[in-house]
Amino acid sequence: MPFPVERLSRLRAHPVLRAMVRETRVTGDDLIYPLFAVPGSGVRREIGSMPGQYNLSLDHLAQEARRAADAGVRAVIVFGVPERKDGAASGAFDARGIVQQAIGVIKRAAPELAVFADTCLCEYTDHGHCLVFGKDNRYDPAATLETLARTAVSQAAAGADVVAPSGMVDGMVAAIRAGLDAAGFSHVPIMSYAVKYASGFYGPFRDAVGSAPAFGDRAGHQMDPPNAREALREAQLDAAEGADILMVKPGLPYLDILARLRERFSHPLAAYQVSGEYAMIKAAARHGWIDEDRVVLETLTALKRAGADLILTYFALDLLERKRIAA
Ligand code: PBG
Ligand code: ZN
């Protein structure tokens, strides 16, 4: 039998040819590195369920930002653990709050970094929800949207280059856009966590910032994992409200969603490889059951191939520092 005329393996044998016909590449330009700021000084505490990731006080945060920029990291996203939590989430919009200070510290240590700020209330509320509740302990939409807008404005005032509302609160993008514009920050883009599923993969993150809900869960406002068409409606609403970048979260379990958004939207798309995805890879690699570098690159490539322009990943610094990807 002769070989078939079309024989795709011809372009796979030589490493140069393989590289030349490669359709997807992950580089430092694609990645956003998450950082966790905590109060105090001298704190560099490893997060138990996220080996290699740390809660950092501002002094260590400055060092980490410098180190990241030197390694070729282009962008970071900042989360904060406040000194005190309360019902009004007042730590979220405090001009001297942990994230506002962290933004300033990062900007001074590494001015070339693009600084994203996660805009949500769950790290700042005593009940751990992304919402503000009224006197009768019922969700107060107006107070929630007003608090989110104030939070975004305080982050922009502190120097954030992008604000990233992550609470899946209806109307959050419009409220934040209006708040930013009214405060003179019409140039600050919004990256919306537009399609965020109620996922078990956020467990380690809630450890890191102590934001597990004290009662109930987030299934009332985050998306139901079985739903895909609804994701397109969520993305459509946030796009109409003025989101500049649309995010899908988590990453790997939702590649189909990412691919469907890619077909429908010309916006830049982001994918969040979340804490649980990170923890799974780390745990299996520690046992010697998978090759960490290989699997990390394969997952990030999959996210790009499915349609992501930007990827939020805890692996960003390590990959760049060890030159596993091009800066
Ligand atoms: C806050 C927020 C969460 C994450 C990012 N922003 C947690 C949540 O919704 O419970 C998760 C990130 C991760 O797991 O890495 N709304
Ligand atoms: Zn939240």
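The model is predicted, so local features need pLDDT of at least 70 and side-chain atom pairs count only at pLDDT 80 or more, while totals for chains, interfaces and linings use all residues. Residues are numbered from 1 along each chain as its sequence is written, chains are lettered from A and ligands numbered from 1 in the order in which they are written, and side-chain values use heavy atoms, with hydrogens and water left out.

Start at the metal. The zinc ion (ligand 2) has three protein donors: Cys120 (SG), Cys122 (SG) and Cys130 (SG). They lie 2.2 to 2.3 Å from the zinc ion. A donor is an N, O or S atom within 2.8 Å of the metal (3.2 Å for Na, K and Ca); water is not among the atoms, so sites may look incomplete. Along the chain, the donors of the zinc ion (ligand 2) follow the spacing C-x1-C-x7-C. The site has 4 donor atoms, with angles of 97 to 122° among them, and is tetrahedral. For four tetrahedral donors the ideal angle is 109.5 degrees. Are the cysteines Cys122 and Cys130 buried or exposed? Cys122 is buried, with a relative accessible area of 6%. Cys130 is buried too, at 0%. Buried means under 20% relative accessible area, exposed means over 50%, and partly exposed is in between (1.4 Å probe, protein chains only).

Next come the charged pairs. Side chains of opposite charge can pair when their charged atoms come close. A salt bridge here is a side-chain nitrogen of Lys or Arg within 4 Å of a carboxyl oxygen of Asp or Glu. By this rule there are 15 salt bridges. One of them joins Asp29 and Arg74, with N to O at 2.6 Å. This pair links distant parts of the chain, 45 residues apart. Asp29 sits in the loop between helix 1 (15–20) and strand 1 (31–37), and Arg74 in the loop between helix 2 (58–71) and strand 4 (75–80). Helices (H or I, at least four residues) and strands (E, at least two) are DSSP runs, numbered from the N terminus. Lys107 forms another salt bridge, with Asp161, and their closest N and O atoms are 2.6 Å apart. Lys107 is in helix 4 (residues 98–109) and Asp161 is in the loop between helix 5 (141–158) and strand 6 (162–165), so the pair ties together parts 54 residues apart in sequence. Lys107 is partly exposed at 22%, and Asp161 is partly exposed at 30%. Asp309 and Arg262 also meet in a salt bridge, at 3.0 Å from N to O. Asp309 lies in the loop between helix 11 (292–306) and strand 10 (310–313) and Arg262 lies in helix 9 (residues 255–264), so this pair ties together parts 47 residues apart in sequence.

Now follow strand 10. Leu310 and Leu312 point one way, Ile311 and Thr313 the other, and all are buried. Strand 10 pairs with strand 1 in the parallel sense over 2 bridges. Two strands pair if DSSP finds at least two bridges between them. Strand 9 (residues 269–273) also runs parallel to strand 10, joined by 4 bridges. Ile311 has Leu31 opposite, and Ala271 also stands opposite Ile311.

Turn to the core. A nonpolar core is a set of buried Ala, Val, Leu, Ile, Met, Phe, Trp, Tyr and Cys residues joined through side-chain atoms within 4.5 Å. Which residues touch the most other members of the largest one? Of its 106 residues, they are Leu180, Met191 and Val195. Leu180 is among the buried residues of helix 6 (residues 172–182). The cover over those buried residues includes strand 5 (114–119), strand 7 (191–196) and helix 8 (229–240). Contact means heavy atoms within 4.5 Å. Val195 touches residues including Met168, Met223 and Lys249.

Finally, look at the backbone. The peptide bond from Lys249 to Pro250 is cis, with omega near -10°. Pro250 lies in the loop between strand 8 (245–249) and helix 9. Ala89 has a positive phi of about 60° although it is not a glycine, and Ala89 is buried at 0%. Asn137 has a positive phi near 65°, but Asn137 is exposed at 61%.

How values were computed
Four donors count as tetrahedral if all angles lie between 85 and 135 degrees; four count as square planar and six as octahedral if opposite donors are over 155 degrees apart and all others between 65 and 115; anything else is irregular. Lists of a residue's contacts leave out its neighbours within four places in sequence.
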